[in-house]
Amino acid sequence: MDEKLGKFIDDFAALVQLAQAGNHKATAGTQLLDALTEHLGLPAEKLAVVEEQIPPHRFVDADIVLAELTATDPQGRLVGIGGGGQRHHASLSDMVQQSQLFPQFPLAQPDFVNMAVGPGTLRQAVAFGLRLFSYDGGSLAVLQRAADPRSGRQSAVLELVAGTAETGAAFLAEYRRRMDSQSVLQGQVISLTMGEYGPSSGGVTFHHRPRLKEQEVVLPSGLLQKVAGHVVGIAGHRQSLREHGQHLKRGVLLYGRLERARPTPSVTSWARARAPRLSCSRAVHSPEFPRRPG
């Protein structure tokens, strides 16, 4: 290579570095990398990040579980991450690595979103926030973010970084255990809806359960008793099934438009009224009966 050309390339590279340094001055406030390193007691850029996907209809459950686990540490706190729109396009690992050269992710206020937890009831869930707390004797940082199809993120996700692998594993085990055993959907009558970005962005609609007497349900003779035996009757064997390690029936799927026979009460209304007594965890409504293949 010509000596002058080589010198020009070196000078040009130095000029680019100076320009980048001038355009990426540190933003005021505590930076993400510094906060993580201080909390975890180790250089955050050297720690692995573990992702845990969350189905859209379970996001509010995850928010409740995470709030409960964070509350086990009196010093636990929730913070947000600044940095403009680029934070939505970068993973936690990306933000940490980029912060080594260009510290552009200061701590800020968390983002929230209102989500239904029952008929006419809302919960303010964390849409984008970093939870810093201790669990099982170790330090944890969990970035919680809701799905954002506009930014290319089709599902909600947790991004976890722990001081030790054992702390992270213990936390995830307890998180999954609680997710398997508790849900705002339990005992509710719901409809599953499709979002504008497809099934993965769909949500849940909660329905009020009207008070309805059995004699008010209009059905062919004997049909209501069959439905009751199939749905409610198994609850009488709950203890025996559990002793033998068997699961109770998990749900009831009702087909047809809601209240199609209005004002004549239907089996859908009866099921809504009975949902708290059902052996299932929830009753799900589908607006159309599935067609047979072909």
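Leu 32, Leu 33 and Leu 36 in helix α2 meet Leu 92, Met 95, Val 96 and Ser 99 in helix α5, where contact means heavy atoms within 4.5 Å. Sorted by class, the contact of α2 with α5 holds six nonpolar residues, one polar residue and no charged residues; in this scheme Ala, Val, Leu, Ile, Met, Phe, Trp, Tyr, Cys and Pro count as nonpolar, Asp, Glu, Lys and Arg as charged, and the others, Gly among them, as polar. The model is a predicted one, in which local features need pLDDT of at least 70 and side-chain atom pairs count only at pLDDT 80 or more, while totals for chains, interfaces and linings use all residues. Residues are numbered from 1 along each chain as its sequence is written, and side-chain values use heavy atoms, with hydrogens and water left out.

Two packed helices are described by the angle between their axes and the distance between the axes. For α2 (residues 32-40) and α5 (residues 92-99), the axes come within 8 Å and cross at roughly 105 degrees; these axes are lines fitted to C-alpha atoms, for helices over the stretch in contact, and the angles run from 0 to 180 degrees between N-to-C directions. The two helices are therefore roughly perpendicular to each other, given that angles of 65 to 115 degrees count as roughly perpendicular, those under 35 as roughly parallel, those over 145 as roughly antiparallel and the rest as oblique.

Glu 45 is found in the loop between α2 and β1 (50-54). Leaving aside its neighbours within four places in sequence, Glu 45 is in contact with Leu 33, Thr 37, Val 96, Gln 97 and Gln 100. The C-alpha atoms of Glu 45 and Met 95 are separated by 9.6 Å, although the two residues are 50 apart along the chain. With a relative accessible area of 25%, Glu 45 is partly exposed, the category that lies between buried (under 20% relative accessible area) and exposed (over 50%), as judged with a 1.4 Å probe and protein chains only.

Helix α3 (residues 59-71) has 13 residues and reaches 18 Å from its first C-alpha to its last, close to the 18 Å expected at 1.5 Å a residue. Ten of the 13 residues of α3 are buried, so this helix is largely enclosed by the rest of the structure; among them are Phe 59, Val 60, Ala 62, Val 65 and Leu 69, together with Asp 61 and Asp 63. Ile 64 also lies in α3 and is buried, with a relative accessible area of 19%. Beyond its neighbours within four places in sequence, Ile 64 is in contact with Arg 123, Gln 182 and Val 184, and its C-alpha lies 9.4 Å from that of Met 179, a residue 115 places away in sequence.

For the chain as a whole, the secondary structure comes to nine helices and eleven strands, taken as DSSP runs (helices H or I, at least four residues; strands E, at least two) numbered from the N terminus. Of its 294 residues, 40% count as buried. Among contacts between residues at least 6 apart in sequence, 68% join residues at least 24 apart.

How values were computed: Expected span 1.5 Å × (residues − 1).
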